[in-house]
Amino acid sequence: MTANLVGILMGGLFHAAILFLVAAGLQVVFGVQKIFNLACGSFYALGAYTGAAVVGYFTGHGGPSALFIAPLALGGLAVGLVGLVVERGLLRFVYDRDETFQLLLTFALVLMLEDLIRMTWGTAPVSTGGLYLGYGQARILGATVPVYNLIVIAASLVIALGLGWLLTRTAFGRIMRASADNREMAEALGVDMRRVYARVFTLGSMLGTLGGALVIPATAAMSEMGIELIVEAFAVVVIGGLGSMRGAFVGALVVGVLRSVAIAVYPELEMLLIYLIVIAVLLWRPRGLFGAAPA
Amino acid sequence: MRRSVVPAIGLLVAALAVAALPALAPLYYVTLMLPFMAYGVILLGLNLLFGYTGLVSFGHALFIGIGAYTGAVLTTHYGIRHMELILPIAALAAAVVAAPVGALCARYVKIYFGMLTLAFGMVFYTFLLKFYRLTGGDEGMRMLRPSLFGHDWAGLSKTAYLVGPYYYFSLAVLALATVVMWRIVRSPFGLCLRTIRDNPLKAESLGVSVPWPRWYAFMISAIYAAVGGALLAPPTGNVDPTLAYWTHSGNIVFMVLLGGFSSFFGPLLGAFVFIFLQDTVMSVFPYWRLVFGAMLAGIVLFAPGGLMGLVTRRPHGEAAGA
Amino acid sequence: MATTRREFLKTAGGAAAAGAIGLPAIARAQARPGVPSDPVKIGVLAIRAGIAAPVGAAGLRATEWWTERVNKAGGILGRPVQLVVEEESTPKDTVERYRKLILQDKVEVVIGGISTGVTLALGPVAEEMEVPWLSWDGTTQKGVEETMPNPKWAFRSVDNEVEAIVAGRLTPKYFKGIKTVAGIGNDYSYGHDCWETYQAVLKRYIPDVKFVLALFPKLGVTDFTSHIAAIQQAKPDLLMCSFWSGDATIIMKQAAAVGLFKTMKGVFTTAGGVHDSLKKEFTPEGLLLGYNTMYFDDPKGSPLLKQFVREYKAKYSEYPPYECDHAYFNIESYKAAVEKAYPAAGKWPSRAEVVKALEGIEVDSLSGKRSWRPDHVQMCNFYQGITTHKNGYDFVTINPIEVVSTKTAMKPSGAKLIEWINSWKI
């Protein structure tokens with residue numbers, strides 16, 4: 001019985017770990033720039049495809065399989081720099097516009113990235129083969145858990161802590177929080193918003209691409225995976241509260257674990273349960289668990 | 001009043017062209033006018049919410065789905081084939097759902113409104129997909145050929161029916177919907193909406209209730225979406241959950257933006273251009289989503305007033321009806 | 001002309017693989033008497049995006065391969081073949097593309113259609129437009145029984161449930177002592193129908209079998225760790241999985257990560273669709289694996305199959321899945337029907353004459369002989385077997401190979417599926 005519970009919990013935690021990375025990317029951007037980036041799912045997909053490609057290149061050229069996680073993570077992070085191109089080339093022109101236009105621009109990005117990914121990698125599922133199993137399994141309270149999953153959960157936790165440290169202990173983090181609270185004031189105090197926005201958006205996209213890269217060994221990259229994920233990520237940030245990093249963390253845990261439990265106990269509910277919680281949260285406490293009050 | 005003569009003539013010419021189209025244009029393109037007319041109705045309603053009230057719904061496909069499924073359920077399960085009955089029942093179904101949903105959503109604006117509507121839209125989509133014994137699941141449900149004004153036109157092939165009686169029926173519905181919407185936006189209610197959109201705080205201080213008119217606008221736009229959704233179904237002959245997916249909601253917002261949300265006729269223009277452009281590009285270029293994404297980005301960046309904005313040269317993003 | 005430019009741009013745009021498509025050239029035999037010399041236009045509906053995109057791509061590639069060969073040999077009755085390709089996406093949009101192919105492009109026949117929602121919508125439209133439609137895939141019970149009971153123009157692929165029927169029959173043969181079974185399938189008609197069918201068949205052979213769990217994750221889900229945990233909790237003797245796309249590979253990988261198939265048997269009815277992604281590292285031996293209607297490594301395969309596999313692998317760096325043969329059969333049978341109807345017609349046969357010639361016709365397809373039953377349903381063989389690592393690839397293949405004909409595994413015309421299963425003499 002415990003083994004089953006642990007198994008279900010670990011499944012939920014793994015899913016939550018990935019969701020957190022994508023949601024954190026969303027939150028960082030929304031918190032500072034007040035833009036809900038619909039293309040976060042597309043960055044996730046981009047990271048997945050690129051990660052698999054980089055790993056394929058690495059192992060194909062004699063890289064030891066045991067170290068595959070290094071090029072994977074690096075590849076995932078590197079492709080996140082596309083976010084910088086997107087921000088400088090596209091997004092920055094709409095900062096002074098209505099939120100609606102910003103949202104629609106990110107929707108345009110979704111469409112474009114979908115086809116760009118398809119043009120580059122085709123439509124067949126892309127994966128890293130059996131490398132996932134390379135790190136073996138661990139037994140936790142009777143349940144068998146792939147060590148890779150534990151690594152990802154740990155990595156996600158480390159990144160969460162890192163982000164927390166970034167936000168509270170570094171100068172940039174303080175600037176981020178100040179800009180999120182009151183942009184005009186921050187600018188009046190000499191903050192160069194352009195650079196902040198560029199960095200924040202890139203950070204957000206890198207978190208998304210990293211999430212995609214880290215998840216790919218355990219799954220496969222498939223056409224339109226980004227469009228599927230955006231809805232789950234959306235649920236996470238709503239429940240956690242728009243703009244809040246703690247919200248992303250808790251929201252990811254809630255969605256990941258609840259989904260896992262629903263599958264084990266009442267499979268028909270699954271995603272329906274998550275949507276209903278989203279609606280409930282939006283109605284009862286629209287700012288979510290940790291968000292700022294809505295405008 | 002004088003300045004409205006030229007557009008009025010243009011409108012008349014357009015209307016005549018549309019009415020004469022079945023006799024002039026190739027068969028396929030006449031059939032393509034049918035989704036245009038259905039989306040025309042949908043977008044008129046959506047723009048009431050978007051252009052005139054300032055609320056962007058990312059879940060409006062929910063009501064398109066309600067309209068379409070109403071038609072399917074009525075024709076397949078209840079044997080009701082009269083389109084004149086189906087449309088009002090679809091409108092009623094939409095109103096029934098829009099009342100509580102709108103009441104809940106109308107309290108919020110901007111991003112929260114968008115998110116709430118997206119969530120409701122996806123709940124409906126999931127319901128359509130999962131409860132397959134009721135809704136047909138991914139396979140959907142058939143919508144049988146409806147009868148128009150009592151005639152079932154059984155002697156006509158489906159294509160002849162679509163480019164003949166059904167074409168003119170849809171045109172009549174679109175014309176009626178347009179006239180009604182015109183009256184709505186020109187009414188005091190319409191003015192009220194614009195006031196609330198432009199400055200909710202001031203409106204409140206003037207004693208204008210803010211949530212109520214939004215709720216009415218939401219209801220009206222939902223009804224329009226359902227009527228359009230019901231119109232959309234017969235040419236396909238089948239309704240399915242993809243009609244309610246969030247990207248469908250995104251596409252109709254795209255259409256409104258393309259045509260120009262600041263103008264009354266912008267949405268109609270947007271529907272027309274989107275549908276025919278998509279048709280052309282899809283046949284020629286497999287990566288048409290890239291083209292459309294770029295187009296949307298282009299509109300947002302350079303021509304947020306849409307095509308009508310380019311034509312009438314209004315300042316960027318100026319509010320509708322000003 | 002719009003169509004010609006479309007074809008040219010399509011070639012440039014990359015949808016067509018070979019330059020010869022739509023621009024027929026090389027050996028052009030004289031068109032036969034009574035046959036026009038302009039190309040015969042064949043409409044193709046292929047999925048380009050989403051989870052079924054690889055399936056659509058496979059079908060299109062096989063169609064293009066066929067077209068290149070046939071055009072090199074002179075075309076159909078001397079007329080070159082020109083493919084007009086449109087995208088299959090949502091039912092509403094696909095119906096519009098279908099109408100365009102017929103009304104605007106004036107194709108002689110439309111081939112394609114994979115997803116169940118789309119084929120269900122297309123059926124009545126095909127009947128209304130009176131142009132033959134040969135469907136690649138996507139046939140489920142509702143589509144068969146409710147919307148197209150007596151199709152005149154629509155030709156449907158094999159019942160999708162045959163995979164579950166064959167798997168259900170082979171399960172007791174290869175796996176002894178099965179008492180409890182869990183199932184996982186995609187949350188749509190195919191997943192549900194497969195499970196229902198598998199249950200009905202298994203119950204005939206193992207009357208007191210218990211079905212302890214049924215999970216239906218949505219198509220497109222990429223993480224099954226929670227589902228696998230639920231399956232482990234249920235402790236079945238056997239897991240039946242009807243995934244047919246990238247998710248089959250994913251669940252295989254995630255199952256291997258927790259050693260799922262060390263504690264239970266596995267039946268994958270349709271994972272042969274992604275066969276070359278089922279790497280030996282995470283796909284154990286001893287699973288029952290279904291390849292639908294074409295097995296690329298069939299030792300008894302014809303020279304045609306071997307050539308196709310060789311050239312497909314050389315061009316696309318993948319081994320061809322079953323959809324290739326659905327596509328090949330459809331277009332090959334069309335050609336054969338035209339050639340069959342020609343002598344009596346004395347000229348290029350009308351669409352109605354082609355339809356009549358299609359009924360009952362049998363051709364050599366990639367996987368062997370296939371035919372159209374008079375009631376417009378495809379007849380062919382299904383391939384399933386036990387996975388083995390003893391091969392020269394880095395993925396699993398099957399040995400032994402069971403070849404089951406639709407003559408015994410598909411319900412006869414007019415019968416209802418579950419009733420028919422329950423009427424078997426065991």
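Chain B touches chain C through 36 residues on chain B and 36 on chain C, contact being heavy atoms within 4.5 Å. This is a predicted model, in which local features need pLDDT of at least 70, side-chain atom pairs count only at pLDDT 80 or more, and totals for chains, interfaces and linings use all residues. Side-chain values use heavy atoms, without hydrogens and water.

| Item | Value |
|---|---|
| Buried area, chain B and chain C | about 3,300 Å² |
| Share of that area from carbon and sulfur atoms | 54% |
| Salt bridges, chain B and chain C | five |
| Residue pairs in polar contact, chain B and chain C (both at pLDDT 80 or more) | 13 |

Buried area is the accessible area (1.4 Å probe) that two parts lose on being put together, summed over both. A salt bridge puts a side-chain nitrogen of Lys or Arg within 4 Å of a carboxyl oxygen of Asp or Glu. A polar contact is a pair of N or O atoms within 3.5 Å; within protein, one must be able to donate a hydrogen and the other to accept it, and residues adjacent in sequence count only if both atoms are side-chain atoms.

Asp279(B) pairs with Lys100(C) in a salt bridge, with the closest N and O atoms 2.9 Å apart. Elements giving two or more residues to the side of chain B that touches chain C include α2 (27–52), α5 (110–130) and α13 (266–284) of chain B. Helices here are DSSP runs (H or I, at least four residues), numbered from the N terminus. α2(B) gives the largest share of this side, seven residues.

Methods: Residues are numbered from 1 along each chain as its sequence is written. Chains are lettered from A and ligands numbered from 1 in the order in which they are written.
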